[in-house]
Number of protein chains: 2
Amino acid sequence: MKELKVFSIKKNIYEDNVKVAEETREELRKKEAFMINVMSSPGSGKTTTITATIKALKEEMAIGVIEADVDSDVDARTVQEAGGKAVQMHTDGLCHIDATMARAGVDALEVEDVDLVFLENIGNLICPVSYDTGAMKNIAILSVPEGDDKPLKYPMIFAKVDALLISKMDVMPYFDFDMEKLKERVYALNKDIEIFPLSAKTGEGMEPWTAWLKQQMGRK
Amino acid sequence: MKELKVFSIKKNIYEDNVKVAEETREELRKKEAFMINVMSSPGSGKTTTITATIKALKEEMAIGVIEADVDSDVDARTVQEAGGKAVQMHTDGLCHIDATMARAGVDALEVEDVDLVFLENIGNLICPVSYDTGAMKNIAILSVPEGDDKPLKYPMIFAKVDALLISKMDVMPYFDFDMEKLKERVYALNKDIEIFPLSAKTGEGMEPWTAWLKQQMGRK
């Protein structure tokens with residue numbers, strides 16, 4: 001009897017994706033650009049946090065942003081106004097960025113003159129988590145209004161990322177958000193994660209976050 | 001030459017899905033249950049809004065909730081405490097509910113003694129939009145902290161739903177949210193949509209929303 005060929009499409013897709021991602025990382029290393037993949041829910045403050053980070057670091061390094069959106073280019077314009085180099089990528093309804101799309105973004109951005117690249121992923125806590133984009137580090141942003149129960153409901157993203165930014169700390173008094181419970185839930189999923197509560201609006205907590213970022217880049 | 005068979009997997013998936021959804025709607029009609037599909041970002045207040053709606057309407061009708069989550073059962077417990085009948089469905093990492101999953105939820109809930117069923121979708125503004133679940137009406141919730149620019153970035157969901165609830169109106173003073181701009185952007189995508197600003201916390205705006213809901217169900 002002929003042997004039956006059994007194959008998993010899902011596995012092949014992810015394997016090919018990792019291969020492209022590895023090539024992108026190698027290319028970024030050659031060009032001395034450090035890429036960080038930024039994931040969160042819609043409206044949790046990805047662009048605002050990236051913009052505040054650009055303002056804090058732009059005297060020390062050149063920063064580029066690959067803005068991924070289902071539609072619109074408002075974020076890329078905001079980044080440019082803050083002094084960053086930006087390209088806008090439309091995903092035509094797709095809910096994540098894979099390695100090939102990220103690579104197209106890196107090529108479009110032309111990273112030769114860029115030290116730090118933010119890949120601003122689609123606003124989504126689920127789909128982007130499964131795809132290696134070629135970034136050196138992955139971070140998630142959770143905003144205070146979203147609630148401290150999110151690690152219970154969307155565990156994968158908290159388990160995967162290297163750092164978690166808790167954004168919109170300035171509105172903490174108006175929400176029922178238990179920071180200790182949140183940290184407990186996050187550490188239960190990922191004991192090595194770094195957590196940075198901050199507010200891009202008031203500047204609170206920006207320093208520890210940018211210090212960590214520079215350390216990851218091998219700067220002090 | 002033999003004719004080449006060209007087929008679109010995507011189209012077939014969606015066609016099969018609509019067929020199952022139609023069967024579910026027929027079944028719900030027979031059992032006199034009205035199902036409403038609730039979509040939003042993570043943390044925008046789906047469960048809180050549904051719970052407040054149950055409290056407002058539970059003397060007039062029996063309400064059931066199908067809670068879909070990647071993980072956890074905190075929402076189903078919250079609904080039960082508010083006086084609703086609830087079942088919890090885990091999607092094992094999937095980012096949406098399709099018609100087959102929704103049907104499993106309807107069967108698990110046992111809708112014979114239920115007048116109104118909320119299908120609380122996965123927190124995601126992109127993936128759930130493409131799938132007919134078998135619900136009679138579709139609504140989206142956008143919370144004030146998410147920002148008034150979301151219709152520009154995630155147009156599909158605003159174009160599709162019958163009503164949009166603007167939640168967390170009580171924190172409006174602490175955010176830079178332009179309600180007129182939001183409405184303009186939403187109406188540009190969907191001229192027939194109903195918009196209900198509300199706060200489950202203070203009760204503000206709950207009455208017009210529940211009145212609309214009853215009207216859709218054929219009640220007054």
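**Entry 1. The sheet of chain A**

I looked up the sheet of chain A in this predicted model and found seven strands in an open sheet, ordered E3-E2-E4-E1-E5-E6-E7, with parallel pairing. Strands here are DSSP runs of type E with at least two residues, helices are runs of type H or I with at least four, and both are numbered from the N terminus. Two strands count as paired if DSSP finds at least two bridges between them. In general, strands of a sheet pair through backbone hydrogen bonds, either parallel or antiparallel.

I then asked which strands of chain A stand at the edges. They are E3 and E7 (194–197); each has a single partner strand, so one side of each is left without a neighbour in the sheet.

I noted the pairings one by one.

- E2(A) and E4(A) run parallel and are joined by five bridges; Ile63(A) stands opposite Leu116(A) in E4(A).
- E5(A), residues 137–143, and E6(A) run parallel and are joined by five bridges; Ile141(A) stands opposite Leu165(A) in E6(A).
- E6(A) and E7(A) run parallel and are joined by four bridges; Leu164(A) stands opposite Ile195(A) in E7(A).

I also checked how covered strand E6(A), residues 163–167, is: four of its five residues are buried. A residue is buried if 20 or more other C-beta atoms lie within 10 Å of its own, exposed if 12 or fewer do, and partly exposed in between, with C-beta atoms placed from the backbone.

**Entry 2. Helix H3 of chain A**

I asked which residues of helix H3 (74–81) of chain A are buried. They are Asp75(A), Ala76(A) and Val79(A). These residues cover an arc of only 100 degrees around the axis, which puts them on the same side of H3(A). The arc is taken over the directions from the helix axis to the C-beta atoms. As a general rule, an α-helix has 3.6 residues a turn, so residues three or four places apart point the same way.

I found that the buried residues of H3(A) pack against helix H2 (46–57) and against strands E2 (63–69), E3 (85–90) and E4 (116–120) of chain A. Contact between two residues means that their C-beta atoms, placed from the backbone, lie within 7 Å. After H3(A) comes Gly83(A), with a positive phi near 100 degrees.

**Entry 3. The nonpolar core**

I looked for the largest nonpolar core and found that it has 126 residues. Such a core is a set of buried Ala, Val, Leu, Ile, Met, Phe, Trp, Tyr and Cys residues joined through C-beta atoms within 7 Å. The residues with the most contacts inside this core are Val117(A), Leu119(A), Val117(B) and Leu119(B).

Leaving aside neighbours within four places in sequence, its contacts include Ala33(A), Phe34(A), Ile66(A) and Leu109(A).

**Entry 4. The sheet of chain B**

I recorded an open sheet of seven strands in chain B, in the order E3-E2-E4-E1-E5-E6-E7 and with parallel pairing. At its edges stand E3 (85–90) and E7 (194–197) of chain B, each with a single partner strand, so one side of each is left without a neighbour in the sheet. Neighbouring strands of this sheet are turned by 20 degrees against each other on average, direction ignored. Axes are lines fitted to C-alpha atoms, for helices over the stretch in contact, and angles run from 0 to 180 degrees between N-to-C directions.

E2(B), residues 63–69, and E3(B) pair in the parallel sense over six bridges. Gly64(B) has Lys85(B) as its bridge partner in E3(B).

Two helices were looked up against this sheet. Helix H4 (99–109) of chain B lies across E2, E3 and E4 (116–120) of chain B and runs at about 145 degrees to E3(B). Helix H8 (206–216) of chain B lies across E5 (137–143), E6 (163–167) and E7 of chain B and runs at about 145 degrees to E7(B).

**Entry 5. Ile193(B)**

I located Ile193(B) in the loop between helix H7 (179–189) and E7 of chain B. Ile193(B) is partly exposed, because 18 other C-beta atoms lie within 10 Å. The C-alpha atoms of Ile193(B) and Lys183(B) are separated by 10.0 Å, the two residues being ten apart along the chain. Apart from neighbours within four places in sequence, Ile193(B) is in contact with Val161(B), Asp162(B), Ala163(B), Leu164(B) and Val186(B).

**Entry 6. Conventions**

Residues are numbered from 1 along each chain as its sequence is written, and chains are lettered from A and ligands numbered from 1 in the order in which they are written. The model is predicted: local features need pLDDT of at least 70, side-chain atom pairs count only at pLDDT 80 or more, and totals for chains, interfaces and linings use all residues.
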